Amino acid sequence: MTGRPTAEEIERLFVGASPRHTRVRVAELAGVPQDLTERIWRALGFATLADDAVAFTDADVAALERVRAMMEGGLLNDQTVVRMARALGQTTARLAQWQAEIMIGAMLEPDQQPTDAALAAILDTAHRLLPDFEQVLVHVWRAQLAAAGTRLLAITDLTEEIVPTRLTLAVGFADLVSFTQVSRELDERALAELVEGFESRASDVVAAHGGRMVKTLGDEVLFTVADPRTAALIALELVDAIRRDGPEVRIGLAYGPVLPVMGDVFGTTVNLAARLTAIARPGTIIVDGELAEAVGETPGVEAHRIRRRPARGLGVVQPYVLRRA
């Protein structure tokens, strides 16, 4: 390919066969009710198309047939199917956007208008990498499922119970200090490097200790881990790792019950960790009483009580400063 790629060529590369079915026909062929098919399609993040729009392939029919088989086998109901579709859609949309940005950034000259030949080269590279990446993607997904199961077993060992809607976890927020001011002083590329560097270092530290990076928010990351002592070690290492490369970070940690929803976590424990982060000074870690008590006699770690502080929405709280012994 030498000319500028068309939308049809891009779709053919990644999806395969050309569309040949309308949304009504694809539901009929798969044997899935029309209203459920539309709910699944919206949950995956795609727009609702006109009845006569030919936009679906045989692969779409096969995917819906698999859904129907799982439902007929009693493995999934309508609500579970739609929730799983939403999880899949939101996660893969972010993954695809992120990877596209990485490839484009790696193959195009910065600050230059891309040529048709350069865009064609990106598509050719994607074509060569796609089969191998697809295999890696499935492998990593299975490994992540195994890791999620292992984390649930660890929680069971600590709490002697496992209730999907109520978990006891250590929750941590790490926040770049003075990010708004720093962002005004940097150009777009330097700002992107700062954010990506912060998120990558934080992810490395959390993963190395068996924690889970729940989400990243540019200048802030949220992580969880079953063991509060491990959370303390993650926080201490994060402060050191971020400090080596530039801005300071401040961290809030809390330990208690959380509500897992759509891959995120909610509840008073999460809110408390966020409030403690706001209390923390640059380069410091503030924890709640539950985590300070849980850390106990952990070698190399100590928690010192400081004066009680008001925390928005939570009343007056008793914070502790966590530091190396």
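Reply: The side chains of R324 and D240 form a salt bridge, with 2.8 Å from N to O. A salt bridge here is a side-chain nitrogen of Lys or Arg within 4 Å of a carboxyl oxygen of Asp or Glu. R324 belongs to strand β10 (residues 320-324) and D240 to helix α9 (residues 228-243), so the contact ties together parts that are 84 residues apart in sequence. Helices (H or I, at least four residues) and strands (E, at least two) are DSSP runs, numbered from the N terminus. R324 is partly exposed at a relative accessible area of 44%, and D240 is partly exposed at 27%. For these classes, buried means under 20% relative accessible area, exposed over 50%, and partly exposed in between (1.4 Å probe, protein chains only). Through shared partners, salt bridges join D240, R243, E248 and R324 into one network.

The model is predicted: local features need pLDDT of at least 70, side-chain atom pairs count only at pLDDT 80 or more, and totals for chains, interfaces and linings use all residues. Residues are numbered from 1 along each chain as its sequence is written, and side-chain values use heavy atoms, with hydrogens and water left out.

The structure holds twelve salt bridges. In general, side chains of opposite charge can pair when their charged atoms come close. One of the salt bridges links K215 and D264, at 2.9 Å from N to O. K215 sits in strand β2 (residues 212-216) and D264 in strand β5 (residues 264-266), so this pair ties together parts that are 49 residues apart in sequence. K215 is partly exposed at 30% relative accessibility, whereas D264 is buried, with a relative accessible area of 15%.

Another salt bridge joins D58 and R20, whose closest N and O atoms are 3.1 Å apart. D58 is in helix α4 (residues 58-72), while R20 is in the loop between α1 (7-15) and α2 (23-30), so the pair ties together parts that are 38 residues apart in sequence. D58 counts as partly exposed at 40% relative accessibility, and R20 counts as exposed at 56%.

As for the chain as a whole, its secondary structure comes to eleven helices and ten strands. Of its 325 residues, 33% count as buried. The C-alpha trace spans about 70 × 55 × 35 Å along its principal axes. The domain assignment gives domain 1 (7-127) and domain 2 (165-324), bounds of this kind coming from an automatic or database domain assignment. The centres of the two domains, taken over C-alpha atoms, are separated by 36 Å.

Both domains contribute to the second largest pocket, whose lining draws at least three residues from each of domain 1 (7-127) and domain 2 (165-324). The volume of this second largest pocket is about 670 Å³. Of the 20 residues that line the second largest pocket, the closest to its centre are E101, G105, R189, A192 and E196. The elements that give two or more residues to this lining are α5 and α8 (188-208). A pocket is found on a 1 Å grid over the protein atoms alone, as an open set of points where a 1.4 Å probe fits, with protein on both sides within 12 Å along at least five of seven lines; lining residues have an atom within 4 Å of a point. Grid points are joined across faces, edges and corners, and a volume is the space filled by probe spheres set on the points.

The lining of the second largest pocket divides into nine nonpolar, two polar and nine charged residues. In this grouping, Ala, Val, Leu, Ile, Met, Phe, Trp, Tyr, Cys and Pro count as nonpolar, Asp, Glu, Lys and Arg as charged, and the others, Gly among them, as polar. G105 is in helix α5 (residues 78-107) and is exposed, with a relative accessible area of 54%.

M262 is not a glycine, yet has a positive phi of about 55°. M262 is in the loop between β4 (249-261) and β5, and counts as exposed at 62% relative accessibility.
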